[in-house]
Amino acid sequence: MEPRVTSQPNFVNPPSLAVWVLNLFVLAEKADSILGDLLEEFSLLASKLGVASARKWYWRQTIKTVPQLAGVGFRTAPWMTGAAVAGGFLLRKLVAPLVDPSIFAVLERYQVFEHHFSTYRFFASTGLDVGHFITFLCIGFIVAFSAREREMVATMALGLIYGGMAVAGAVCIVTSTGDDATLWRLTWYFADSLAIVTAGAIVRTHRLAATSHPSNA
Amino acid sequence: MRGRDYLGEFEHIIVLALLRLEDRAYGVTVRQEIELRTRREVSIGAVYATLDRLETKGYVTSHRGEPTPERGGRSKRFFRVTAKGAAAVSRTHHALQRMTEGLGFTWSHA
């Protein structure tokens, strides 16, 4: 839902990244009002104070407005959003234990250990992490598809839950065993949370593109 | 107490802004009016979240205007205070007056 450029010669667009972020969270029935208001004030500020000041103002508005939009998104459909998050959590519980055995089954099937040891070593270490990352990405897609219009709220909630669990688990391990090497694993766990949220952003962006106005020139 | 709810702080400010703006009240003008009079930057998200809540309570109503090119072809959403909303703001205002009676506030332009 990019703002249309008009034929007025001095029309300036607000920061497109900020507009994209707002579009990730705004509900369809509110988009016209909120995005239209921001564009109108942005244009006024750009003509009065210059484009740079107007862009800073637009980013401040975006950062302050996104949490409000997320809150409204959740409050107007708490059960659907909660069900999508719970479903994603359960799906991960079901699917995640299958990732490692599946990768090892493929490695065994094609006798990778015997014929390509370095490849085996890669897939048996980093490959497992990548496999989990892709699994979380797929779970994120499913959660986003089911949380219609609340894709970001649902995927961010699930990502925060997993991120929180990872931190809690790492802290428990480090304090009980003293092994702080576990902490470097947090980067992969945070990457898994990021995968869920990324999937939400992809689904949302795709849906917006599919329903956008016919002429965006 | 049912039917005798008081407005929250920001709800109160929003309704007062709508009363000042009359037919001109939509997101931009409401936000600018609040910023001008309270001297604090207010996000458009906070304005609409509060307006939606007030509309759910029946204190304001809204209608869509025509799309305009300076808004990228998007329409404005105008708001008006209902009789129920006017009663709520009056009730809240009188409650604040009774609470501050005799406290000796001096009004300064902070």
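With a relative accessibility of 1%, Arg31(B) counts as buried, where buried denotes under 20% relative accessible area, exposed over 50% and partly exposed the range in between (1.4 Å probe, protein chains only). The structure is a predicted model, in which local features need pLDDT of at least 70 and side-chain atom pairs count only at pLDDT 80 or more, whereas totals for chains, interfaces and linings use all residues. Residues are numbered from 1 along each chain as its sequence is written, chains are lettered from A in the order in which they are written, and side-chain values use heavy atoms, with hydrogens and water left out.

Arg31(B) takes part in a salt bridge with Glu35(B), the closest N and O atoms lying 2.4 Å apart; a salt bridge is here a side-chain nitrogen of Lys or Arg within 4 Å of a carboxyl oxygen of Asp or Glu. Because Arg31(B) and Glu35(B) are four residues apart in helix α2 (residues 27-38) of chain B, about one helical turn separates them, helices being DSSP runs (H or I, at least four residues) numbered from the N terminus. Glu35(B) is partly exposed, its relative accessible area being 25%. Arg31(B) also forms a salt bridge with Glu41(A), with 2.6 Å between the closest N and O atoms.

Across the interface of chain A and chain B, six salt bridges are found, together with 16 residue pairs in polar contact (both at pLDDT 80 or more). A polar contact is a pair of N or O atoms within 3.5 Å, of which, within protein, one must be able to donate a hydrogen and the other to accept it, and residues adjacent in sequence count only if both atoms are side-chain atoms. On the side of chain A that touches chain B, the elements giving two or more residues are α2 (28-49) and α3 (51-75) of chain A, and the largest share, 15 residues, comes from α2(A). By class, this side of chain A has ten nonpolar, seven polar and ten charged residues, with Ala, Val, Leu, Ile, Met, Phe, Trp, Tyr, Cys and Pro counted as nonpolar, Asp, Glu, Lys and Arg as charged, and the others, Gly among them, as polar.

In total, 27 residues of chain A are in contact (heavy atoms within 4.5 Å) with 23 residues of chain B. The two chains bury about 2,200 Å² between them, 46% of it on carbon and sulfur atoms, buried area being the accessible area (1.4 Å probe) that two parts lose on being put together, summed over both. In chain A, Asp37(A), Glu40(A) and Glu41(A) lose the most area to chain B, together 25% of what that side buries.

Over all chains, a search of the whole structure finds 17 salt bridges. One of these joins Glu151(A) to Arg207(A), with the closest N and O atoms 2.6 Å apart; Glu151(A) lies in helix α8 (residues 151-177) and Arg207(A) in helix α9 (residues 186-211) of chain A, so the pair ties together parts that are 56 residues apart in sequence. Glu151(A) and Arg207(A) are both buried. In chain B, a salt bridge connects the side chains of Glu11(B) and Arg53(B) (3.2 Å, N to O), a pair that links distant parts of the chain, with Glu11(B) in helix α1 (residues 9-21) and Arg53(B) in helix α3 (residues 44-57), 42 residues apart. Glu11(B) is buried at a relative accessible area of 6%, whereas Arg53(B), at 36%, counts as partly exposed.
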